Amino acid sequence: MSPAWGEETSKNGQEAKLGGYKKELPDNLPRFTYHSGLSFTYPNAVRGIYVSGNIAGAERFNELLKLVDSTDLNAMVIDIKNDSGNLTYKPGSTSPYQNISQKYIRDPKSLLKTLEQRKIYPIARVVVFKDTELAHLKPEWSYMDGKSVWKNGKGDSFVNPFLKEVWDYNVGVAIEAAKMGFQEIQFDYVRFPEGFEKRDSQLKYSQGDYQHEKLGNVQKRVKAVSDFVAYAREKLKPYDVKVSVDIFGYTATLPEAPGIGQNFSKISENVDAISSMIYPSHWTSYFGIDNPDLEPYKIVSAYSQLEKKKLEELKTPPISRPWIQDFTASWLGQGHYKPYGKAEVEAQIKALKNNGISEFLLWNAGSRYTSNVDYTP
């Protein structure tokens, strides 16, 4: 029997690193609303940029503040738990996350006060199931390839969406962010690893309670991912934060993505905003556009029309707030990409606007954004 989160163990240093965390969040949290002491107003339409954890704690953050101040941008999506599984700030000494944190953001409360003063809407990005750190600390929560934790071609490992312990671990991070004053939690990598349908019978992993479900493996994955989103939103209700989820754009084109477990409609039913990643560079010729990166307006418009139909089928559709491209996809090769700048960014925004979508987020992995863009063309 594995020890509860609250117990220290002497098995090895890995277990000790995670001591102090409760194994499960209580089923019924007290009926209260937590107040961080900060006050933000939801913008007329969120127009935001991604800010990595190391940039949020660096001098260049001031340049991004100036960018938002001087344009029609009004929001920042800031890494709180990053793609490696590390917190991007040092929590209190009693936090269960203390030893898997990095001091990129030296004073997150001060950062949030700055955003409050400048009327910049703060969104905490929490990467969920892509988590190399946790996978190696708790291999039984990951996927085993022989005697080793499985990793993908890029060297990244994932943790298992079937396990409620993994859910609680990530919801705990989200609650810390909410207490700090973030107004929204954006969950990313809410999925199984890409191509999992090709390896689900090869890797060793637990299906947790889902092993008892009378469903095929594809539907079990879909149910686990969708259930996590609903669970996280319920646990965050006392903290009065909105919940959003990043999702592959192609997921909206399918009944469900069989390997990764994402069902656009089922996830959308349990979030306040859905952020499809619709970068032109990431599409194939699905919409009949041979080189989508060369035609940002056309590809974003085609996707927007499809998504609109999907959302109209829901009783309570979320806000559509896609991720769009502010980077150059040179890896596509000559003739298949072009440098992205002012015209290409504005083309995507205009395509959204012409299809009734007023919210969007700009992605650039290095948090470097094109200047002189009209964000409300």
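**Reading the labels**

Guide: Helix α10 is followed by G356, which has a positive phi near 80 degrees; the model we are looking at is a predicted one.

Visitor: Which residues of α10 are buried, and against what do the buried residues pack?
Guide: The buried residues are E344, V345, E346, A347, Q348, I349, A351 and L352, and the buried residues of α10 pack against α9, β12 (323–325) and β13 (360–363).

Visitor: Why is S304 called buried?
Guide: Buried means under 20% relative accessible area, and S304 has 1%, therefore the label applies. S304 is placed in helix α9, residues 296–312, and, apart from residues up to four places away in sequence, S304 touches L352, N355 and I357. The C-alpha atoms of S304 and T94, which are 210 residues apart along the chain, are separated by 46 Å.

Visitor: What makes you call α6 mostly covered?
Guide: Of the 17 residues in α6, 13 are buried, each of them falling under the 20% cut-off. The largest nonpolar core has 114 residues, and those with the most contacts inside it are I49, M76, L115, F187 and F228; α6 supplies the largest share of this core, 10 residues. In soluble globular proteins, nonpolar side chains tend to be buried together.

Visitor: Why does L115 count as buried, and what is in contact with L115?
Guide: L115 has a relative accessible area of 0%, which is under 20%, so it is buried. L115 sits in helix α4, residues 108–117, and, leaving aside neighbours within four places in sequence, is in contact with F40, F61, L65, M76, I78, I120 and P122. From L115 to G92 there are 23 residues in sequence and 22 Å in space, C-alpha to C-alpha.

Visitor: What does F228 touch?
Guide: Not counting residues up to four places away in sequence, F228 touches V128, F129, W167, V171, F187 and V190.

Visitor: How much space lies in the largest pocket, and which residues are closest to its centre?
Guide: About 970 Å³ of space lies in the largest pocket, and of the 35 residues that line the pocket, the closest to its centre are Y189, R191, E194, F248 and H282. By class the lining has 18 nonpolar, 7 polar and 10 charged residues, and strand β9 (residues 242–248) gives the most to it, with 3 residues.

Visitor: Why is Y189 called buried, and what is its phi?
Guide: With a relative accessible area of 18%, Y189 falls under the 20% cut-off and is therefore buried. Y189 lies in the loop between β8 (184–188) and α7 (217–236), and its phi is near 55 degrees, a positive value in a residue other than glycine.

Visitor: How do you know that R191 is buried?
Guide: The relative accessible area of R191 is 5%, under 20%, so the label holds. R191 lies in the loop between β8 and α7 and, residues up to four places away in sequence not counted, touches F129, F158, P161, V225, F248, I260 and Q262. R191 and N263 are 72 residues apart along the chain, and their C-alpha atoms are separated by 9.9 Å.

Visitor: What makes D156 buried or exposed, and what about D240?
Guide: At 17%, D156 is under 20% and therefore counts as buried, whereas D240, at 55%, is over 50% and therefore counts as exposed. D156 is in the loop between β7 (148–149) and α6; its contacts, neighbours within four places in sequence left aside, are K130, T132, W150 and K151. D240 lies in the loop between α7 and β9 and has a positive phi of about 55 degrees, although D240 is not a glycine.

Methods:
Residues numbered from 1 in each chain as written. Predicted model: local features only at pLDDT ≥ 70, side-chain atom pairs only at ≥ 80, totals over all residues. Heavy atoms only, no water. Buried < 20%, exposed > 50% of the residue type's maximum accessible area, 1.4 Å probe, protein only. Helix = DSSP H or I, 4+ residues; strand = E, 2+ residues; numbered from the N terminus. Core = buried A, V, L, I, M, F, W, Y, C linked by side-chain atoms within 4.5 Å. Contact = heavy atoms within 4.5 Å. 1 Å grid on protein atoms, 1.4 Å probe; cavity = no way out; pocket = protein on both sides within 12 Å on 5 of 7 lines; lining within 4 Å. Points joined across faces, edges and corners; volume = space filled by probe spheres on them. Nonpolar A, V, L, I, M, F, W, Y, C, P; charged D, E, K, R; others polar.
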